[in-house]
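Q: Could you take a close look at one helix packing in this model and walk me through what sits around it?

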Amino acid sequence: MVEALAVVMMLRDVPAEVRGRAGLFFVDNLAALCGLVRGYSAIADLGAIYLAVAQIILCLSASAWLGWVPSASNLADGCSRTGVTHALTAACWVDMLHGEWQRAFPSFSSFEPNSWHAWWPAECS
């Protein structure tokens, strides 16, 4: 689920903006939202991503409020389908940029949680 992956990647890539703060995370996929709230899934890859989100939030002394948003109201949803010039983002005066993740995403389920530190934000290692 790319929705859950986006949360863990954001936490990993911008830890300074998250440290010690409360964050609002809006997800347009109910299954991903429930997994993020629970921090668990019986599906190994998803469970690892949900656990990673919980661990990074804890490491950064942050807190998170997770909520559902309809796809039609999700600023990122249209951009992920039609590009950064999506009408909803333009109507909300949001300047979306095309970018790439800083590092490739590993399969968390392929290695043990105690070895994730190589991929974590430096302050969580």
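A: The axes of α1 and α4 cross at roughly 30 degrees and come within 9 Å in this predicted model. With the cut-off for roughly parallel at under 35 degrees, α1 and α4 therefore count as roughly parallel to each other. The crossing in which α1 passes α4 is left-handed. On the α1 side, the residues taking part are Ala4, Leu5, Val7, Val8, Leu11 and Arg12, and they meet Ile49, Tyr50, Ala52, Val53, Ile56 and Ile57 of α4. Sorted by type, that contact has 11 nonpolar residues, no polar ones and 1 charged.

Now for α4 itself. This helix covers residues 44-59, 16 residues in all, and its first and last C-alpha atoms are 22 Å apart, close to the expected 22 Å at 1.5 Å a residue. Its buried residues are Leu46, Gly47, Ala48, Ile49, Tyr50, Ala52, Val53, Ile56 and Ile57. The cover over them includes α1 (2-13), but also α3 (30-38) and β2 (63-68). Just after α4, serine 61 has a positive phi of about 55 degrees.

There's also a link to a later part of the chain. Cysteine 124 lies in the segment after α6 (87-91), and apart from neighbours within four places in sequence, cysteine 124 is in contact with Cys59 and Leu60. C-alpha to C-alpha, cysteine 124 is 9.3 Å from leucine 58, though 66 residues separate them in sequence. Cysteine 124 counts as buried because its relative accessibility is 14%, and the cut-off is under 20%.

Note on methods:
Residues are numbered from 1 along each chain as its sequence is written. This is a predicted model: local features need pLDDT of at least 70, side-chain atom pairs count only at pLDDT 80 or more; totals for chains, interfaces and linings use all residues. Side-chain values use heavy atoms; hydrogens and water are left out. Helices (H or I, at least four residues) and strands (E, at least two) are DSSP runs, numbered from the N terminus. Buried means under 20% relative accessible area, exposed over 50%, partly exposed in between (1.4 Å probe, protein chains only). Contact means heavy atoms within 4.5 Å. The expected span of a helix is 1.5 Å times one less than its number of residues. Axes are lines fitted to C-alpha atoms, for helices over the stretch in contact, and angles run from 0 to 180 degrees between N-to-C directions. Angles under 35 degrees count as roughly parallel, over 145 as roughly antiparallel, 65 to 115 as roughly perpendicular and the rest as oblique. A crossing is left-handed if the near helix is turned anticlockwise from the far one by less than a right angle, and right-handed if clockwise. Ala, Val, Leu, Ile, Met, Phe, Trp, Tyr, Cys and Pro count as nonpolar, Asp, Glu, Lys and Arg as charged, and the others, Gly among them, as polar.
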